[in-house]
Amino acid sequence: MKEAALTVSIPENSSASSNKVPEVTLAFWVIKIAATTLGETGGDALSMTLNLGYALSTLVLFGIFVAVVWAQIVSRRFHPFLYWTVIVATTTVGTTMADFADRSLGVGYVGGSLILFAILMATLAIWKFAAGSLSVNHIVSPKAETFYWLTILFSNTLGTALGDFLADSGLGYQGAAVVFAGLLALIAAAYFRTRISHTLLFWMAFILTRPLGATVGDMLTKPHADGGLDLGRITSSAVIAVFIIGCIALTSQAVGGHPGTGEKT
């Protein structure tokens, strides 16, 4: 399938030049999945390999997230590397936040997933009330960007908890990865074959890429006895980071819009 087939078109009268998000193409989803995988390996490297623990790692990574998202919001135009840096920041802090809730607070995977789902739904409800729309086709104002990044942060955190829950339910990392990949394939089919809201499908896909990346990251770094490949977390993170940088540099990262053109969702 050609990448152009997945490009979201922008109406001629739209102000695409002032938008702060990239076009949603095949490259977007490849980089997004790689970023979520890096979030898992990077977050675990800080909390486990470097022994900082979930709480301290969350504080460190949340500080980084605040710094880069502030730079993104105050920026006057779209910067591909800055945008994807914020995405990676949400996935790494999302990993340690979910692990802290699931393990340190003792609420478990189900409890953590339910809490994070409630927070995500509350964020979307407040966004809808404040802006009148959840469309992510044009992210141009500081208010829209703030809700956009909060939603991404909590969706990535929820995705981590969901990935851990399914992997530990008996499917293992490989089985869980297959399940999430299958669900994403169904969403892609719905995007092209049905009239379901593209905004809804976008957020569903965005959330599900996170547990896919989480299970792939665990599959790479967990011990053989746990069903992993036992690769080093730091080395794996470095390789994935280089892959992401290469993808951003070599693919079209044009400013554009996310699905939702003309929708009132």
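Helix packing in a predicted model

Author: Helix 1 (residues 26-49) packs against helix 6 (residues 198-221) at an angle of about 50°, with the axes 7 Å apart. This is a predicted model, in which local features need pLDDT of at least 70, side-chain atom pairs count only at pLDDT 80 or more, and totals for chains, interfaces and linings use all residues. Residues are numbered from 1 along each chain as its sequence is written, and side-chain values use heavy atoms, without hydrogens and water.

Reader: Why are helix 1 and helix 6 called oblique to each other?

Author: Angles under 35 degrees count as roughly parallel, over 145 as roughly antiparallel, 65 to 115 as roughly perpendicular, and the rest as oblique. The angle here is about 50°, and helix 1 and helix 6 are therefore oblique.

Reader: What makes up the contact of helix 1 with helix 6?

Author: Its residues divide into ten nonpolar, eight polar and five charged. Nonpolar covers Ala, Val, Leu, Ile, Met, Phe, Trp, Tyr, Cys and Pro; charged covers Asp, Glu, Lys and Arg; the others, Gly among them, are polar.

Reader: How is helix 2 placed relative to helix 5, and why?

Author: Helix 2 (residues 53-74) and helix 5 (residues 142-193) pack at about 150°, with their axes 11 Å apart. That makes helix 2 roughly antiparallel to helix 5.

Reader: Which residues of helix 2 and helix 5 meet?

Author: F62, F65, V69, Q72 and I73 in helix 2 meet P142, E145, T146, W149 and L153 in helix 5. Contact means heavy atoms within 4.5 Å. The residues of this contact divide into seven nonpolar, two polar and one charged.

Key:
Axes fitted to C-alpha atoms, helices over the stretch in contact; angles between N-to-C directions. Helix = DSSP H or I, 4+ residues; strand = E, 2+ residues; numbered from the N terminus.
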